[in-house]
Amino acid sequence: MEAGRILQIGIPWITWRSPPRLPNFPRYICASSIQRGSYKGPKPGRDWIADWVSKNDDAVRSMPIYVGGASLLAVLFNRAISGIAPVADASSSQSRADLLTLGLAVTNVLTGLVWLSIRPKSITPVEPQGVECQEIYSHLPESVVSEILWVWESLSAVTCCKSLVIVYDCQCIVQIGVAAKSLNIDEPFAVDAAKLMQGSLYQGVLKSGAQSYMANLSLYPGRSELPFLPSNTQAVILQPLGDRGIAVLGGDTIRGFTTSDQTWISYIGEKLDATLAKYMSSMPSVVQE
């Protein structure tokens, strides 16, 4: 009976409707089908006033002087032809207006003089004063030497780096680029690795574990700890190599290392640390060539 009742229950049929067809849009657009000049979207704006000011910097800086001088002459000419007594009278409204105009004219002249005296200092690269050198630890594997040379060629090609010194485990691994000249002979100044790693610069970098960027080296008293760099080195990056070494990069331009350069150098430092840590633990004492 139960089975018969179940069979007698009507099961409603559900009618399935196919989804509406979407129009066929082209999947690819050929570049040749877009005509030139057909783009009507927003275009990047251009600040014409800023462009004109940058191209006429001297004229803009001198403009307050001309405006102030012309205003001063106009006030004096108006005073002369107005028939008013040349002596200032506090009870006269014309005299009070003339005094106010004279003050504004003098202010314009002084503003122009200040603008002409204060100019941004142009930053240009300098030619490093020293000797070219390329001293690499001779017992390094060829693969490590190739990697170090690649690092140097990349840094010198795309950044302002002109000197590179790598010290690892109290030993000078690399001194390449322009180095300071030795006192007695025409040879590069030798790097005292032990003294460098005992100095305040290395200790500060080791303590922080982060890169140190001296954008204007002449302003830092720690400059004396880097005698192996050319005397006119403009900027220096101290890149720690783990807790066992440091890479010193000298540049020829004040604030020449950009933010992207610093980030890239940080990644290079991590790679050099991994490479040198792999080989230096099983090597004999470093002897420079």
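This note walks through a predicted model in numbered points, from the overall fold to single residues.

1. Basis of the note. Because the model is predicted, local features are described only where pLDDT is at least 70 and side-chain atom pairs only at pLDDT 80 or more, whereas totals for chains, interfaces and linings use all residues. Residues are numbered from 1 along each chain as its sequence is written, and side-chain values rest on heavy atoms, with hydrogens and water left out.

2. Overall architecture. The protein has eight helices and six strands, where helices (H or I, at least four residues) and strands (E, at least two) are DSSP runs numbered from the N terminus. Read along the sequence, these elements follow the pattern α-α-α-α-β-α-β-β-α-α-β-β-β-α. Of the 289 residues, 33% count as buried; buried means under 20% relative accessible area, exposed means over 50%, and partly exposed lies in between, with a 1.4 Å probe and protein chains only. A contact means heavy atoms within 4.5 Å, and among the contacts between residues at least 6 apart in sequence, 67% join residues at least 24 apart.

3. Salt bridges. The structure holds three salt bridges, each defined as a side-chain nitrogen of Lys or Arg within 4 Å of a carboxyl oxygen of Asp or Glu. In one of them R61 pairs with D57, the closest N and O atoms being 2.9 Å apart; these residues stand four apart in helix α3 (residues 57–81) and are thus separated by about one helical turn. R61 is buried, with a relative accessible area of 15%, while D57 counts as partly exposed at 31%.

4. A bridge between two helices. The side chains of K271 and E147 meet in a salt bridge at 3.1 Å, N to O, and this pair links distant parts of the chain, with K271 in helix α8 and E147 in helix α5, 124 residues apart. K271 is partly exposed, with a relative accessible area of 46%, but E147 counts as buried at 17%.

5. A bridge between two loops. R244 forms a salt bridge with D169, with the closest N and O atoms 2.5 Å apart. R244 lies in the loop between β5 and β6 and D169 in the loop between β2 and β3, so the pair ties together parts that are 75 residues apart in sequence. Both count as partly exposed, R244 at 26% relative accessibility and D169 at 28%.

6. The aromatic pair. The structure holds one aromatic pair. The rings of Y213 and F257 have their centres 6.0 Å apart and their planes at 85 degrees, so the pair is edge-to-face; rings of Phe, Tyr and Trp (its six-membered ring) pair if their centres lie within 6.5 Å, and planes under 30 degrees apart count as stacked, over 60 as edge-to-face and the rest as tilted. F257 counts as buried, at 3% relative accessibility.

7. D252, a buried charge. D252 is placed in the loop between β6 and α8. Lys and Arg count as positive and Asp and Glu as negative, with His and the chain ends not counted; D252 is buried yet has no salt bridge, and the nearest side chain of opposite charge, K162, is 4.1 Å away. The side chain of D252 does make a polar contact with the side chain of T253 at 3.1 Å; such a contact is a pair of N or O atoms within 3.5 Å where, within protein, one must be able to donate a hydrogen and the other to accept it, and residues adjacent in sequence count only if both atoms are side-chain atoms. Not counting residues up to four places away in sequence, D252 touches T124, P125, V126, P128, C160, K162 and Q234.

8. Positive phi values. Phi of C170 is near 60 degrees, a positive value in a residue other than glycine; C170 sits in the loop between β2 and β3 and counts as partly exposed at 41% relative accessibility. For R255, in the loop between β6 and α8, phi is near 55 degrees, which is also positive in a residue other than glycine, and R255 is exposed, with a relative accessible area of 53%.
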